Amino acid sequence: MTNILYVLDDSPWFEWIQLDSTDSTNQFLKNYRPVSPKDMTLVTADFQTSGRGQTGNSWESESGANLLFSIKILPKEIEADRQFILSQAIALSIRDTLTTRAEGFSIKWPNDIYWHDKKVCGLLIENTLVGKHIESCIIGAGLNINQQTFRSQAPNPVSLRQITGQKFETVFILAEIIKRFKDYLRDIQTGKADEIARHYKDALYRGHGFYPYEDEKGDFEAEIRDVEPAGHLVLMRRDGTIRRYAFKEVKFLIPSDRQTPLAL
């Protein structure tokens, strides 16, 4: 049974709920019915029994070692066809925060956070649309902070502690992520979405040069030419052929130097 340790509500628009354990922080927020809705609701958990990634993928996290959280916002001023800007904003918030602690972090399209060829953070973003606008957005994140051993089947996880050799207080990293995310939301509201998009492109994993990919026709090499406002990835092959891909239509072929499968 979920145990709510405490609710931190130090401003009228923000609520923070901390859990010992839950099946999924995203699912918790879907079911949560506050007395008065907040502009932003943050849920953190020490452990998730059914954490999910994109399209149902699961991820491993040692209890209390990492950051497992979801944020619910009500960005009703953002049109449905611009929803990818929220994905860019949270990915940048996490990547920027990690970059203050080590070098080598990037955003693997659409929103995973990588350190070189290893995955340090996975995101799951679920929007509820009403007409042409977003009614609510729930963003779930699993960020590897202090875990040192991974045992599941994903090939390339890494934690901030493995990268730096240091142990971190997760709450301070979380606070910085939330502050940056609030700043990016303010930028969106004040018409600076184009600046966010440029920053996102500059932070992309494999943002320059040709690399191996795979689509329904097989393996090929290409370079990233653009990420469109709706989130499509535009790749150019060596022969100059250009194609745009939606999420899950193309796979990054990434080498793994680990013999024992690890995971996020």
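A polar contact of 2.6 Å links the side chains of Tyr 205 and Asp 117, and that pair is a friendly place to start exploring this predicted model.

**Around Tyr 205**

- Tyr 205 sits in the loop that runs between helix H5 (193-202) and strand S9 (211-215).
- With a relative accessible area of 6%, Tyr 205 counts as buried, because the cut-off for buried is under 20%.
- Leaving aside residues up to four places away in sequence, Tyr 205 touches several others, among them Ser 106, Ile 107, Lys 108, Tyr 114 and His 116.
- Ile 224, Phe 252 and Ile 254 are also among the residues that Tyr 205 touches.
- Phe 105 lies 100 residues from Tyr 205 in sequence, yet their C-alpha atoms are 8.1 Å apart in space.

**The two faces of helix H5**

- The buried residues of H5 include Ala 193, Ile 196, Ala 197 and Tyr 200.
- These residues lie on the same side of H5, because they cover an arc of only 100° around the axis.
- An α-helix has 3.6 residues a turn, so residues three or four places apart point the same way.
- On the face turned away from the buried side, H5 carries the exposed residues Asp 194, Arg 198 and Asp 202.
- The buried residues of H5 pack against helix H2 (84-99), strand S5 (105-108), helix H4 (170-189) and strand S10 (218-227).

- Not counting residues up to four places away in sequence, Ser 87 touches Pro 110, Asn 111 and Ile 125.

Technical notes. Residues numbered from 1 in each chain as written. Predicted model: local features only at pLDDT ≥ 70, side-chain atom pairs only at ≥ 80, totals over all residues. Heavy atoms only, no water. Helix = DSSP H or I, 4+ residues; strand = E, 2+ residues; numbered from the N terminus. Buried < 20%, exposed > 50% of the residue type's maximum accessible area, 1.4 Å probe, protein only. Contact = heavy atoms within 4.5 Å. Polar contact = N/O pair within 3.5 Å; in protein donor to acceptor, adjacent residues only side chain to side chain. Arc of directions from axis to C-beta.
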